[in-house]
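Subject: Structure handover

Hello,

I am passing a structure on to you. Please open it first, then read the notes below.

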Amino acid sequence: MPKAGRKTQAAWADLKESWRMIVDIEKEGFKLTENEADRNYDLMKDKLRQADALVKKRRSALRRYLLHKKRGD
């Protein structure tokens with residue numbers, strides 16, 4: 001990543017972290033579907049809630065990143 005201001009770097013770090021966490025949750029979801037999906041329904045539902053929250057966090061971080069990058073913060 002090119003040299004950026006402190007706020008831009010913080011937003012980028014949030015974006016990368018939420019993206020990595022979403023990928024991890026998706027991988028866990030695939031593992032759960034391979035194993036007795038009916039018994040793991042509640043666990044899968046919980047993982048989907050977590051993924052939804054992380055998608056919102058990622059969207060927010062991306063907006064902040066673009067805003068701070070544009071401003072040069």
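Here is what was found, from the overall fold down to single residues.

This is a predicted model, where local features need pLDDT of at least 70, side-chain atom pairs count only at pLDDT 80 or more, and totals for chains, interfaces and linings use all residues. Residues are numbered from 1 along each chain as its sequence is written, and side-chain values use heavy atoms, with hydrogens and water left out.

**Overall fold**

The protein chain has 2 helices and 0 strands. Both terms refer to DSSP runs, numbered from the N terminus: helices are H or I with at least four residues, strands are E with at least two. Of the 73 residues in the chain, 23% are buried. Buried means under 20% relative accessible area, exposed means over 50%, and partly exposed lies in between (1.4 Å probe, protein chains only). Now take the contacts with a separation of 6 or more: residues 24 or more positions apart account for 77% of them. A contact means heavy atoms within 4.5 Å.

**How the helices pack**

Two packed helices are described by the angle between their axes and the distance between the axes. Helix H1 covers residues 6–34, and helix H2 covers residues 41–71. They pack at an angle of about 160 degrees, and their axes are 8 Å apart. Axes here are lines fitted to C-alpha atoms, for helices over the stretch in contact, and angles run from 0 to 180 degrees between N-to-C directions. H1 and H2 are therefore roughly antiparallel. The cut-offs are under 35 degrees for roughly parallel, over 145 for roughly antiparallel and 65 to 115 for roughly perpendicular, with the rest oblique.

H1 passes H2 in a left-handed crossing. That means the near helix is turned anticlockwise from the far one by less than a right angle; clockwise would be right-handed. The residues of this contact between H1 and H2 divide into 16 nonpolar, 5 polar and 9 charged. Ala, Val, Leu, Ile, Met, Phe, Trp, Tyr, Cys and Pro count as nonpolar; Asp, Glu, Lys and Arg as charged; the others, Gly among them, as polar.

**Salt bridges**

Side chains of opposite charge can pair when their charged atoms come close. The structure holds 5 salt bridges. Each is a side-chain nitrogen of Lys or Arg within 4 Å of a carboxyl oxygen of Asp or Glu.

One of them joins Glu28 and Lys47, at 2.8 Å from N to O. Glu28 lies in H1 and Lys47 in H2, so the pair ties together parts that are 19 residues apart in sequence. Glu28 is partly exposed, at 33% relative accessible area.

Asp24 and Arg20 form another, with their closest N and O atoms 3.2 Å apart. Both lie in H1, 4 residues apart, about one turn of the helix. Asp24 is partly exposed at 32%, and so is Arg20 at 47%.

Lys56 and Asp52 also meet in a salt bridge, at 3.6 Å from N to O. Both sit in H2, again 4 residues apart, about one turn of the helix. Asp52 is partly exposed, at 41%.

Lys47 is buried, with a relative accessible area of 15%. Leaving out residues up to four places away in sequence, Lys47 touches Ile25, Glu28 and Leu32. Lys47 and Ile22 are 25 residues apart in sequence and 9.6 Å apart in space, C-alpha to C-alpha.

His68 is found in H2. His68 is buried too, at 11%. With residues up to four places away in sequence not counted, His68 touches Lys7, Thr8 and Asp73.

Best wishes
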